Amino acid sequence: MAIGETKVAQEECKVVNGDHASNKTKIDNLKRSLVPNHFTPTICVSDSASKFTKVLYNLTPAELYEQALQHEKGSFITSTGALATLSGAKTGRCPKDKRVVKDESTEQELWWGNGSPNIEMDEQTFVVNRETAVEYLNSLDKVFVNDQFINWDPENRIKVRIISAKAYHSLFMHNMCIRPTPEELENFGTPDFTIYNAGQFPCNRYTHYMTSSTSVNINFARKEMVILGTMYAGEMKKGLFSLMHYLMPKRRILSLHSGCNMGKDGDVAIFFGLSGTGKTTLSTDHNRYLIGDDEHCWGDNGVSNIEGGCYAKCIDLSKEKERDIWNAIKFGSVLENVTFDKHTREVDYSDGSITENTRVAYPIEYISNAKIPCVGPHPKNVILLACDAFGVLPPVSKLNLAQTMYHFISGYTALVAGTEEGVKEPRATFSACFGAAFLMLHPTKYAAMLAEKMQKHGATAWLVNTGWSGGRYGSGKRIKLSYTRKIIDAIHSGSLLNANYKKTEVFGLEIPTEIEGVPSEMLDPVNTVMVGQEGIPGNTA
């Protein structure tokens, strides 16, 4: 049986549920089967001659553990029951290797050119890479197939199929996408989008539009994504996010690179921010219901989580600082690129020797106070997170609508070590909409939608600095998480709206003079950074 087309073929090939070594049925005799409580469709291809006999379809975490431990080098069970894996040479995303097919439609619709993350490729090159991926997958004795959903909004749910070579990748996507019920799986039908993950196999760097042996390709017309030359699982997750950035605005729905939670009174807060700014940590609050930690949609009915799981950074993780994430690292979770004691299997979260970008992926149900289904009313607070590496921004400031649009489009932060290949320490960057790497349309289109929704629903915006205070990276200190949590608590409770404010001279930001539990002197950077300190941006002394 071969793969490639996303349609379901009738009575041609069987999909094996599990990996039974004794099952060597010939292709001609393979037929669709119905396993109790588990529907297994068939997958067929019309444009590839190679065939294989085993598709491991929507396996359970236990089955995927067995596959990984038996066949994938570097897979171990940690002391808490999580599956520890290695992503190989690539331990972060490779945005310079991402390509999007430019055709008659996307040429007009997408954001191209200077500043855009979208690097073009043509249809023919995509087909060449797709064929390379499909042929590689067909050469294997088995592949893993996940049929799942993205977006908890039932009116705008997207069906996705992920075809991969590794149990690690299958379990990762099992956690990160929305898991269908047996009934939903039986009626799944044709997916809306398909990922071919052949990341163990390199692309041909001499192929037109390619610049390395890694390539992540998206073709909206074919509704497909191809991955070659990287085993970093985050490429699949962010590929689907790019898809939502393309599809949802067509439906007048704003796609957000944000965390989201809800108070017991129904007040919703969304947290914008790049990886490493605290989006996952701050949206995961045991005093509030978690809607999601990273990707959301804001439509006419309110907000909805795009994903079915969370993807949290693990470097320096501790139970004291991040209890909910700590407790979620158990059987079924996937740990990436961590080290552990070879006897006790206890993970050393302080060890960044493999990468600073150590990660864990777990189902959102592993958070005890997750809101299921992951939807909520319109947001009351919009929080823009920036990890300021220069100690210039105040810990918190209240924004008017114009300032909100400015900071949203600018997306200032520091690129934190490990989130992208080659980054070893924070450096200043500007990422439109706090997620330029995933945008499909021009940033002003997303900003206009945000302004419209904030005005319509009366949301208040805040700029929160989770980076450095008292000087830049290396001389100042990272703002304590406990202080940032106090600030966020004051936003949620509404007390910060009633605080006394003063306006900064340079940026015109309104900063509170006092917040309970936070040293008042640190609320204004002028009090913590000496005038003329060496290395501060704008210093001419």
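Predicted model: local features only at pLDDT ≥ 70, side-chain atom pairs only at ≥ 80, totals over all residues.
Q: Which residues of the largest nonpolar core touch the most other members?
A: Ile150, Leu240, Phe272, Trp298, Leu335 and Val382 do, in a core of 110 residues. Another core lies apart from it, with 21 residues, including Tyr57, Tyr136, Ala198 and Val226. A nonpolar core is a set of buried Ala, Val, Leu, Ile, Met, Phe, Trp, Tyr and Cys residues joined through side-chain atoms within 4.5 Å. Buried means under 20% relative accessible area, exposed over 50%, and partly exposed in between, with a 1.4 Å probe and protein chains only.

Q: And what share of the chain counts as buried?
A: Of the 541 residues, 61% count as buried. Among contacts with a separation of 6 or more, 72% are between residues 24 or more positions apart.

Q: How many helices and strands are there?
A: The chain has 11 helices and 32 strands. These are DSSP runs numbered from the N terminus, with helices (H or I) of at least four residues and strands (E) of at least two.

Q: Is helix H4 enclosed or open, and why?
A: Helix H4 (residues 167-176) is largely enclosed by the rest of the structure, because 10 of its 10 residues are buried. Among them are Tyr168, His169, Phe172 and His174.

Q: Changing topic: what is the volume of the largest pocket?
A: It is about 920 Å³. On a 1 Å grid over the protein atoms alone, a pocket is an open set of points with protein on both sides within 12 Å along at least five of seven lines, whereas a cavity is a set where a 1.4 Å probe fits but cannot get out; lining residues have an atom within 4 Å of a point. Grid points are joined across faces, edges and corners, and a volume is the space filled by probe spheres set on the points.

Q: What lines that pocket?
A: The lining of the largest pocket has 42 residues, of which Gly276, Thr281, Lys313, Ile315 and Arg478 lie nearest its centre. Helix H7 (279-283) gives the most, with 4 residues. Helix H6 (234-247), strand S18 (309-313) and helix H11 (481-493) each supply at least two. By class, the lining has 16 nonpolar, 10 polar and 16 charged residues. Here Ala, Val, Leu, Ile, Met, Phe, Trp, Tyr, Cys and Pro count as nonpolar, Asp, Glu, Lys and Arg as charged, and the others, Gly among them, as polar.

Q: How many cavities of 30 Å³ or more are there?
A: The count comes to 5. The largest cavity has a volume of about 110 Å³. Its lining has 13 residues, with Lys98, Glu235, Lys238, Ala437 and Phe438 nearest the centre. H6 provides the largest share of that lining, 4 residues. By class, the cavity lining divides into 7 nonpolar, 2 polar and 4 charged.

Q: On to the sheets: in what order do the 8 strands of the open sheet run?
A: The order is S3-S8-S9-S10-S12-S11-S6-S7, with mixed pairing. Strand S3 (55-57) and strand S7 (120-121) are the edges, each pairing on one side only. S3 pairs with strand S8 (residues 143-150) in the parallel sense over 3 bridges, and Leu56 has Phe144 as its bridge partner. Two strands pair if DSSP finds at least two bridges between them.

Q: In strand S25, which residues point one way and which the other?
A: In S25 (residues 396-399), Val396 and Lys398 point one way and Ser397 and Leu399 the other, and all are buried. In a regular strand the side chains alternate between the two faces of the sheet. S25 pairs with strand S28 (residues 460-465) in the antiparallel sense over 4 bridges, and Val464 is the bridge partner of Val396.

Q: Lastly, where does Gly189 lie?
A: Gly189 is in the loop between helix H5 (182-186) and strand S10 (193-198). Gly189 is partly exposed, with a relative accessible area of 37%. Its C-alpha atom is separated by 9.6 Å from that of Asp147, 42 residues apart along the chain.

Key: Residues numbered from 1 in each chain as written. Heavy atoms only, no water. Contact = heavy atoms within 4.5 Å.
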